[in-house]
Amino acid sequence: MTMKKIQDKYITYGMVVIAYVLCEILMRTGIMSSHIKGLLVPMCYYAIVAVGLNLCVGILGELSLGHAGFMCVGAYTSALFSFAMEDVIPTVPRFIMALIIGVAFSTLFGFLIGIPVLRLKGDYLAIVTLAFGEIIKNIFNAVYLGIDDAGLHISLKDMSSMGMDPSGKILINGAQGITGTPSDANFTIAAFLLLASLFVVQNLINSRDGRAIMAIRDNRIAAESNGINITKYKMFAFTISAAIAGTAGVLFSHNISTLTATSQYFGYNASILILVYVVLGGIGNIRGSVIAAVILYLLPELLRGLSDYRMLIYSIVLIVMMLFNWAPKAREFREKHFAFLNKRKEAR
Amino acid sequence: MATMLDAKNLSISFGGLRAVDDFTIKIEEGELYGLIGPNGAGKTTVFNLLTGVYKPDEGRIILGGKDITRLDPVHKNKSGIARTFQNIRLYSKLSVIDNVKVGLHNQFHYSTLAGILHTPSYRKVEKEIDERARDLLSVFKMEQHADVLASNLPYGEQRKLEIARAMATEPKLLLLDEPAAGMNPNETKELMETISFIREKFGMTILLIEHDMKLVSGICEKLTVLNFGRMLAEGGTKEVLGNPEVIKAYLGDD
Ligand SMILES: Nc1ncnc2c1ncn2[C@@H]1O[C@H](COP(=O)(O)OP(=O)(O)OP(=O)(O)O)[C@@H](O)[C@H]1O
Ligand SMILES: [Mg+2]
């Protein structure tokens with residue numbers, strides 16, 4: 001690993017830490033409005049899921065439109081645990097366990113869905129991941145789950161068909177989701193998990209496994225001739241990518257009190273929104289994903305006051321970002337004058 | 001001298017076309033062997049059979065005494081065959097040195113977790129990988145390009161990088177598919193020297209496909225000529241190139 005790559009990595013961490021400290025100062029001094037305070041955790045989980053998706057799209061080179069689905073798995077499984085254990089386990093160990101559970105289940109789903117999906121190529125892969133994402137969301141929308149003295153009850157029809165004792169506790173109430181989840185997440189945890197995701201992805205890229213993954217992306221046939229196990233590394237990258245999306249999901253569900261599997265947050269349009277962050281931040285550019293997610297998430301929220309011009313300004317920003325990241329002239333300019341913003345050339 | 005490659009009666013058809021028909025070749029350890037023939041004769045298809053890209057309809061491939069006929073490309077490489085491609089296949093978005101490091105994938109190991117945590121064992125092994133990759137690049141006089149994107153290299157250098165990457169997998173048998181294609185006479189001359197050098201330095205057994213007759217007659221000891229998927233002639237370079245049938249089929253219309 002060259003000096004440049006090492007520095008590059010720390011610039012990303014530094015950026016996140018500085019942004020975190022600034023936000024904390026603004027919060028503590030009371031300058032930050034409560035509206036903006038409420039945006040900080042979502043900003044982090046969108047950055048996390050964008051980093052995860054970039055591992056899949058930019059590093060592995062496979063277009064996934066199902067990452068909101070993996071986020072949904074992480075959100076539901078962890079929230080279910082936290083909700084069920086609310087009065088049993090103290091907050092800190094409960095959240096850590098919920099995080100582990102959410103990540104574990106999204107990893108499992110990533111693995112299971114990866115098996116059929118990674119046999120496909122290009123558009124086909126994108127369409128099938130989109131379908132799986134929708135299936136996951138719809139299943140969570142349809143499921144009823146409750147617990148009473150007799151144990152767990154589950155139904156995909158309605159509440160009464162669960163056959164649960166009235167004294168029991170309803171865990172998932174169909175489309176109404178989980179009500180009364182403990183809001184254990186906060187900005188500090190969210191920023192930490194963003195750093196952790198960046199740590200995993202950036203270190204992975206600079207390792208033997210990461211090179212193998214990028215080799216498959218750049219030329220599958222050559223990678224095979226170099227003795228690289230294609231299936232293994234595709235599965236690996238896809239699964240890690242799903243796990244990171246699941247991490248974002250855990251933050252999502254522990255930042256609100258009612259979790260529902262709405263298409264706004266977990267449907268294909270959410271997957272596409274995340275993809276927009278990745279594409280505009282630069283495919284394969286991990287730091288770019290964080291920057292794009294933060295700007296593009298905050299902007300429409302901050303512009304709420306300018307209701308009429310909001311979408312206009314938002315679309316102008318989209319176009320400017322696109323030009324900044326992708327136009328050849330802009331790239332040259334950026335490489336000269338914004339060296340600190342440059343992504344690793346190798347990852348492009 | 002032991003036999004390195006012993007391929008017998010290889011055949012494959014694509015639809016109605018018998019692209020390779022009853023192809024047999026025997027290469028001794030340390031030999032530099034040439035495979036020639038007009039366009040579409042089936043030379044690249046022979047490479048694809050030897051490296052497992054295609055499975056032969058018939059025939060056997062024995063490498064260093066082991067039957068590797070049915071192995072896939074990954075395991076063919078692991079058992080000792082490396083190749084370059086006629087239409088260059090580099091990892092275009094990786095740097096030159098990272099291309100070589102991908103070739104070193106199975107030569108150096110640390111766990112995935114060590115790779116993600118960047119543990120001391122990761123640092124130690126990565127340092128060894130870096131040194132080995134730079135050594136290999138210096139064999140090809142490319143160390144000054146180490147950090148350049150592979151796709152930004154001049155054409156001739158890209159071909160050399162493919163050879164370096166193949167060598168990184170530590171093969172017993174190196175297959176070169178038209179290594180001099182698109183090179184100017186100077187580059188070709190330099191390439192010939194490099195091929196002779198790696199052959200001596202690493203005791204490498206090499207099978208190469210080439211259109212450049214000067215290159216073939218200059219460095220190959222033995223030749224096999226393919227025409228329409230069939231073997232037209234085989235043997236010492238001089239006698240094969242003097243064979244009237246070969247001259248008629250191949251050299252005549254060159
Ligand atoms: N996958 C394939 N499917 C169908 N036909 C194929 C396939 N691969 C090769 N062929 C055909 O097999 C024949 C031999 O092709 P091959 O590429 O081996 O020739 P070659 O000797 O390498 O020629 P050149 O000198 O042009 O590289 C050609 O007619 C080609 O069209
Ligand atoms: Mg060919």
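Glu178(B) is buried in this predicted model, at 7% relative accessible area. Buried here means under 20% relative accessible area, exposed over 50%, and partly exposed in between, with a 1.4 Å probe and protein chains only. Glu178(B) sits in the loop between β7 (173-177) and α7 (185-202) of chain B. Helices (H or I, at least four residues) and strands (E, at least two) are DSSP runs, numbered from the N terminus. The phi angle of Glu178(B) is near 50°, a positive value in a residue other than glycine. His118(B) likewise has a phi near 50°. His118(B) occupies the loop between α4 (112-117) and α5 (120-139) of chain B. With a relative accessible area of 6%, His118(B) is buried.

The model is predicted: local features need pLDDT of at least 70, side-chain atom pairs count only at pLDDT 80 or more, and totals for chains, interfaces and linings use all residues. Residues are numbered from 1 along each chain as its sequence is written, chains are lettered from A and ligands numbered from 1 in the order in which they are written, and side-chain values use heavy atoms, without hydrogens and water.

Thr84(B) is also a loop residue, between β6 (81-83) and α3 (96-103) of chain B. Thr84(B) has a relative accessible area of 3% and is therefore buried. A polar atom of its side chain lies 3.1 Å from the backbone nitrogen of Asp177(B).

A polar side-chain atom of Tyr54(B) lies 2.8 Å from a nitrogen atom of ligand 1. The side chain of Asn39(B) places an N or O atom 3.2 Å from an oxygen atom of the ligand. For His211(B), the corresponding distance to a ligand oxygen is 3.2 Å. The protein covers 64% of the 630 Å² of accessible area that ligand 1 has on its own. Accessible areas come from the Shrake-Rupley method with a 1.4 Å probe; for residues, only the protein chains shown count as cover.

The criterion is a side-chain nitrogen of Lys or Arg within 4 Å of a carboxyl oxygen of Asp or Glu. Side chains of opposite charge can pair when their charged atoms come close. Glu24(A) and Arg28(A) form one such bridge, with closest N and O atoms 2.9 Å apart. The two are separated by about one helical turn, because they are four residues apart in helix α1 (residues 3-28) of chain A. Glu24(A) is buried at 12%, whereas Arg28(A) is exposed at 69%. In chain B, Lys124(B) and Glu128(B) meet at 3.6 Å, N to O. Lys124(B) is exposed at 55%; Glu128(B) is partly exposed at 31%. Lys127(B) and Glu131(B) also form a salt bridge, at 3.6 Å. Both lie in helix α5 of chain B, four residues apart. Salt bridges with shared partners join Arg18(B), Asp21(B), Glu58(B) and Arg230(B) into one network.

In chain A, eleven of the eleven residues of helix α7 (residues 208-218) are buried, so the helix is largely enclosed by the rest of the structure.

Definitions and conventions
Polar contact = N/O pair within 3.5 Å; in protein donor to acceptor, adjacent residues only side chain to side chain.
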